[in-house]
Amino acid sequence: MERQVDAIVKEISDNINSIRTKGEAQDAQLKALDAKIAVNQWQLGDKYEALRKDFDQMTTLLKRGKIYGEGGANSSVKDMVLSQKEGLSNLKKKAGIPVSFQFKYNQLQTKTAGNVTESGNLLGVDAIPPTRLAGVYGQPLRKVHIRQFINTTATDSNQILYNLETGYNDGTGTTAEGASAAQSDFTITGTEVLVRKLNTYLTISKEMMEDADFVDNYINTRIVGRLLQTEDTQILYGNNVAPNLMGLSGQAPYYINYYSGTSAVPTINYFDILSGAVTQGRVGNYVPNYIIIHPQDYNTMVTSRDSYGRYQFPNFLFGQPAMVNEAQVIANTAVNPGDFFVGDFELGATLAYRDEINVTFSNQHVDNFVKGFITVLVEERIALVVYRPTAFVYGKFQQAVVSGS
């Protein structure tokens with residue numbers, strides 16, 4: 001058994017060294033060797049990791065142009081084939097673009113008598129190419145989105161129809177023997193919600209497309225993330241003017257002042273307001289489960305102090321998660337500073353998607369083909385169905401403070 005393992009290790013190692021020495025990035029060789037390492041993983045045991053690391057390192061160096069020809073490190077790079085990235089080929093096929101495979105022959109560096117001269121160096125003017133870190137570094141995007149708090153469903157139409165109870169006359173009660181029962185009436189209204197489209201596009205070069213991992217990561221984390229942020233705004237503040245959604249702020253009942261009359265207090269704070277909003281939902285027989293406010297307002301709430309410098313709120317507010325009147329407080333930048341949304345998000349609304357987020361690649365946009373550009377279109381088609389508007393409460397802190405103090 002040991003001899004067999006040693007033979008496998010020697011064969012794989014010889015192949016790695018052969019490819020490394022020749023400096024040939026041939027897909028067939030690399031894939032076959034990669035498959036052989038994977039198939040024999042169970043036999044190689046603790047030697048698997050070392051071989052895998054050696055293979056991956058060699059492959060990475062090949063792609064960066066750091067493997068030199070048969071003459072050793074001081075000879076020129078001869079006839080190195082930079083194979084077309086499989087990721088680029090797949091992306092192009094997804095976009096339905098007829099392409100032919102291209103092999104690029106580039107003399108990355110020429111070394112003479114120990115001195116480096118630049119000859120078409122793709123890595124710039126540095127004698128030693130810099131290490132490029134993967135990805136793009138920008139400001140972080142919102143990590144939690146409003147769709148995570150409400151139900152979602154698929155639809156196969158461009159409109160959603162549902163029956164809404166718009167009126168009810170309650171005739172239930174006690175009656176004397178032989179007396180007639182009172183009549184109950186209700187009104188049901190068919191309600192329509194249209195599917196709306198959210199989208200954006202960007203144009204990138206084919207050279208960027210070749211770094212498939214880079215582009216895929218950027219699209220998933222940046223472009224899709226920005227689309228979801230626009231979706232958040234539509235869910236909360238859409239005004240229903242085509243092509244906008246009808247957001248919660250235009251359908252939810254406005255906050256009612258619960259601190260008047262016998263419940264009046266000298267001054268109220270943010271905690272009082274949110275507790276009152278939860279109560280407003282409970283009066284409608286809902287069980288509000290989330291409170292969504294801007295991080296600035298969350299900070300104002302939890303750091304408020306009395307005249308003696310003591311924090312005003314009970315200790316459980318500072319726990320994880322923060323709770324007010326049994327509803328979880330979510331600090332999220334989707335909400336405008338000064339606003340608050342309280343509600344039974346699971347019972348009150350559903351986000352229906354006709355098309356979930358799609359990413360399309362094409363070179364058929366203006367003069368992309370001749371310039372070597374690819375257009376990336378990111379889009380979705382959704383509808384926000386708020387079939388129980390009274391499950392939510394919308395308000396503004398400053399107005400609520402004035403009315404309740």
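First, the burial scale I use: buried means under 20% relative accessible area, exposed means over 50%, and partly exposed is in between (1.4 Å probe, protein chains only). This is a predicted model, so I note that local features need pLDDT of at least 70, side-chain atom pairs count only at pLDDT 80 or more, and totals for chains, interfaces and linings use all residues. Residues are numbered from 1 along each chain as its sequence is written, and side-chain values use heavy atoms, with hydrogens and water left out.

**Entry: Asp 339 and Lys 396**

I looked up Asp 339 and found a salt bridge to Lys 396, with the closest N and O atoms 2.8 Å apart. (A salt bridge here is a side-chain nitrogen of Lys or Arg within 4 Å of a carboxyl oxygen of Asp or Glu.) The pair ties strand β12 to strand β15, 57 residues apart in the chain. Strands are DSSP runs of E, at least two residues, and helices are runs of H or I, at least four, both numbered from the N terminus. Asp 339 is buried because its relative accessible area is 3%, while Lys 396 has 31% and therefore counts as partly exposed.

**Entry: Arg 147**

How many salt bridges does a search of the whole structure find? I get seven. In one of them Arg 147 meets Glu 356 (3.2 Å, N to O). Arg 147 sits in the loop between β4 (115-118) and β5 (151-154), and Glu 356 in strand β13 (residues 350-362), 209 residues apart. Arg 147 also meets Glu 380 at 3.3 Å, N to O. Glu 380 is in strand β14 (residues 373-385), 233 residues from Arg 147. I checked burial too: Arg 147 is at 19%, so it counts as buried, and Glu 356 is at 31%, so it is partly exposed. Glu 380 is buried. Shared partners join Arg 147, Glu 231, Glu 356 and Glu 380 into one network.

**Entry: the sheet**

Next I traced an open sheet of five strands, in the order β10-β11-β9-β12-β15, with mixed pairing. Two strands pair if DSSP finds at least two bridges between them. The edges are β10 (323-324) and β15 (392-396), each pairing on one side only. I count four bridges between β9 (residues 290-293) and β11 (residues 327-331), which run parallel. Ile 291 has Val 329 as its bridge partner in β11.
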